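Please read it alongside the sequence and the model.

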Amino acid sequence: MQTPTGQIGCVTARAVEAAVAAPLRRLSLPVATDLLVGPERAAPAWGALAARTPVVVLGQAAQYSLLRGPQGETGWAILWLRD
């Protein structure tokens, strides 16, 4: 197992639970957003999603959100949400 910060470790099989069926939240991206390969500033972008694309937030690491787009695209991004 590897954490979003790159720390590597082991987890026993009996300590693993299935992911919760519901995402943390659902939203529509307010602006075009790059999808990064990891939750860090130096991580390269592997793709992008257009403004107003519906996404689900699968996880959080510091200020980064793990997003999944409508075609299954998954990557990390900083969300700039309007108040």
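Within the chain, 41% of the contacts between residues at least 6 apart in sequence join residues at least 24 apart. The model is predicted, and the mean pLDDT of the chain is 86. The chain holds 6 strands and 0 helices.

**Fold and surface**

- Along the sequence the elements follow the pattern β-β-β-β-β-β.
- The chain has 83 residues, and 31% of them count as buried.
- Its accessible surface comes to about 6,000 Å². Carbon and sulfur atoms account for 55% of that surface.

**Confidence**

- A pLDDT of 70 or more is reached by 87% of the residues.
- Confidence is highest in strand E2 (residues 33–36), at a mean of 96.
- Confidence is lowest in strand E4 (residues 54–61), where the mean is 92.
- Where pLDDT is low, the predicted coordinates should not be read in detail.

- Strand E6 (residues 74–78) pairs with E5 in the antiparallel sense, over 5 bridges.
- Tyr64 stands opposite Ile78 in E6.
- E5 and E6 form a hairpin, with 5 residues between the two strands.
- Gly72 lies in the turn of this hairpin and has a positive phi of about 85 degrees.

- Arg52 is a residue other than glycine, yet its phi is positive, near 70 degrees.
- Arg52 is found in the loop between strand E3 (45–49) and E4.
- The relative accessible area of Arg52 is 69%. Arg52 is therefore exposed, since the cut-off for that class is over 50%.
- Ala62 is not a glycine either, and its phi is also positive, at about 55 degrees.
- The position of Ala62 is in the loop between E4 and strand E5 (64–68).
- Ala62 counts as exposed because its relative accessibility is 70%, where over 50% is required.

**Points to check in the model**

- Where is Arg52 found, and is it buried or exposed? Arg52 sits in the loop between E3 and E4, and it is exposed.
- How many bridges join E5 and E6? The two strands pair over 5 bridges.

Note on methods:
Residues are numbered from 1 along each chain as its sequence is written. This is a predicted model: local features need pLDDT of at least 70, side-chain atom pairs count only at pLDDT 80 or more; totals for chains, interfaces and linings use all residues. Side-chain values use heavy atoms; hydrogens and water are left out. Helices (H or I, at least four residues) and strands (E, at least two) are DSSP runs, numbered from the N terminus. Buried means under 20% relative accessible area, exposed over 50%, partly exposed in between (1.4 Å probe, protein chains only). Contact means heavy atoms within 4.5 Å. Accessible areas come from the Shrake-Rupley method with a 1.4 Å probe; for residues, only the protein chains shown count as cover. pLDDT is the predictor's confidence in each residue, from 0 to 100. Two strands pair if DSSP finds at least two bridges between them.
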